[in-house]
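Please open the model in your viewer and keep the sequence at hand, so that each stop on this short tour can be selected in turn.

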Amino acid sequence: MRSHGPGEQLKAEEVELTAGPGETLVEMRLASVTPLDRSALSGRQPSPFVPGSEGAGVVVSSDVVEPGTPVVVRGEGAGVTRAGVWGRYAVVPNAAVHRLPPSLEAGTALALMTPALTAHTAVRRVADVQEGETVVVTGVTGLVGCMSAAIARAAGAARVIGLVSMDDRADDANGLVDQLVRVDGLGQVGRELPWCDAVIDTMGGPVAGGVLGHISPGGRIAVLGYKAGEFTTIDLHQLIGRDLRVLPVNLQRTVLAPDAVGHALAGIAGTSWRADYDVVPADRINDILDRPAGRVLLDLTTL
């Protein structure tokens, strides 16, 4: 990256890479185009800079992983505070290298990585779901909602309740939750929704405000989406009187747990989750930067 803003921001150049102590050299195959990358390209990094915060490839040299091992690269500032992975090769900290499970295809891993990390962070780190708790997941039929329900179960939740809108099909969620509850467009939830200890809210809007009335004293709601609207109404009497916590989930500011990426990859590999994504030759990166955010992977072998 040689410039910010409109025009050709990126072009391929040859640079010399050397892996030092505590670093791994990876031959890159695929890379994601993530919100972190778009943030770096918007002008928050000095140029020249190599973007790319998430990718997959094969280890060339490392003192922690055997050469030839398929890996996913994510974390430790790669593509954010230090050079990233948009290139034929990348030098990254050892802790940013994660083994790709044998049963998992690299494209699937990258396409599902961000929603898996979002769900893992919301359930494990922000909401801090504990064994024996009752957890409500709103929008449980969506990808992040399904993942959140599965992760809550793995965290030891005694009951997982799924909230779905009136017109949503809920067949895919039946095996993930103990109970399904319908919510209308005004956020009105039926009496059948039990008291809960934590809510993972992927819907936002009036649903977030409506579900607050079902959280037990001292409970919390982790808010990570606003598909149902960007604005909600909070009953301050409930919030203060029951000592509830409203917790935003922001991956750009939340420090991931050291094992978060490994857990996310294991979770993806252990389920039948699938995701659609486009693979674009890396030399066409400037053509797709103005696209709406989506699952776009760069084929780095074309460089």
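Strands, like helices, are taken here as DSSP runs, a strand having at least two residues, and they are numbered from the N terminus. Bear in mind throughout that the model is predicted.

Begin by selecting residues 23-32, which form strand E1, and then pick out Ser-32, which lies in this strand. Ser-32 counts as buried, at 4% relative accessibility. If you leave aside residues up to four places away in sequence and display what Ser-32 touches, you will find Asp-37, Glu-54, Trp-86, Leu-110, Val-296 and Leu-297.

Next, select residues 54-61, which make up strand E2, and look for Gly-55 within that strand. Is Gly-55 buried or exposed? With a relative accessible area of 0%, Gly-55 is buried. Its contacts, again without residues up to four places away in sequence, include Met-28, Leu-30 and Ala-31, and also Val-71, Val-72, Val-73, Val-85 and Leu-110.

For the last stop, turn to the cysteines. A disulfide requires a pair of cysteine sulfur atoms within 2.5 Å, and by this rule the count comes to zero disulfides. Select Cys-146, which is in no disulfide, and note that the nearest cysteine sulfur, belonging to Cys-196, is 18 Å away. Cys-146 is buried, with a relative accessible area of 8%. Then select Cys-196, which is likewise in no disulfide and is buried, with a relative accessible area of 1%.

Key: Residues numbered from 1 in each chain as written. Predicted model: local features only at pLDDT ≥ 70, side-chain atom pairs only at ≥ 80, totals over all residues. Heavy atoms only, no water. Buried < 20%, exposed > 50% of the residue type's maximum accessible area, 1.4 Å probe, protein only. Helix = DSSP H or I, 4+ residues; strand = E, 2+ residues; numbered from the N terminus. Contact = heavy atoms within 4.5 Å.
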